[in-house]
Amino acid sequence: MTLSSLTVRYFAGARAAANGTRSEVVEAGTLDELKQRLTDRHGERLGVVLKAASFLVDGLTCHDQSAPLPASATIDVLPPFAGG
C-alpha cells in the first residue's frame, strides 16, 4: 500500500485529546491506518475519540475507512459534538 503525506487537523475534543495539537503531517494509506498511527503517537485518549469521530477528506465526509486516501489530502477530525 502506498503511503500518502496527509495534513491532519484536530477540532474541539480531538484537539484536547491530541495534547493541544492543532495540525500535523502524518503518513498513512487509509483512515484505519491513520487512526492507528495517531493513537500510537498521542495515546489511547485520542484513540477513544477517533473511534467516535467523523472524518472529512479534503472537505468531504468519508465513511469507508479502508479506502485509499489521496496524496496530500487534508483530514479533519471532528469528534461528536454535544449541544442543543
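Asparagine 19 is exposed, with 58% relative accessible area. The model is predicted, and asparagine 19 sits in the loop that joins helix H1 (12–17) and E2. Its phi is near 60°, a positive value in a residue other than glycine. Serine 72 also has phi near 60°, positive although the residue is not glycine. The loop between E4 and E5 holds serine 72, which counts as exposed at 61% relative accessibility.

| Residue | Phi | Relative accessible area |
|---|---|---|
| Asparagine 19 | near 60° | 58% |
| Serine 72 | near 60° | 61% |

The sheet is open and has five strands in the order E2-E1-E5-E3-E4, with mixed pairing. Strand E2 (23–28) and strand E4 (60–61) are at the edges; each has a single partner strand, so one side of each lacks a neighbour in the sheet. Two bridges link E4 to strand E3 (residues 54–57) in the antiparallel sense. Leucine 60 in E4 stands opposite valine 57. Helix H2 packs on this sheet, touching strand E1 (4–10), E2, E3 and strand E5 (74–78). The direction of H2 makes about 125° with that of E2.

H2 (residues 31–42) also meets helix H3 (residues 44–52): their axes come within 7 Å and cross at roughly 150°. Angles over 145 degrees count as roughly antiparallel, and H2 and H3 are therefore roughly antiparallel to each other. On the H2 side the contact involves Lys35, Leu38, Thr39 and His42, and on the H3 side Glu44, Leu46, Gly47 and Leu50. The residues of this contact comprise three nonpolar, three polar and two charged.

Notes. Residues numbered from 1 in each chain as written. Predicted model: local features only at pLDDT ≥ 70, side-chain atom pairs only at ≥ 80, totals over all residues. Heavy atoms only, no water. Axes fitted to C-alpha atoms, helices over the stretch in contact; angles between N-to-C directions. Helix = DSSP H or I, 4+ residues; strand = E, 2+ residues; numbered from the N terminus. Parallel < 35°, antiparallel > 145°, perpendicular 65-115°, else oblique. Contact = heavy atoms within 4.5 Å. Nonpolar A, V, L, I, M, F, W, Y, C, P; charged D, E, K, R; others polar. Pairing = 2+ DSSP bridges. Buried < 20%, exposed > 50% of the residue type's maximum accessible area, 1.4 Å probe, protein only.
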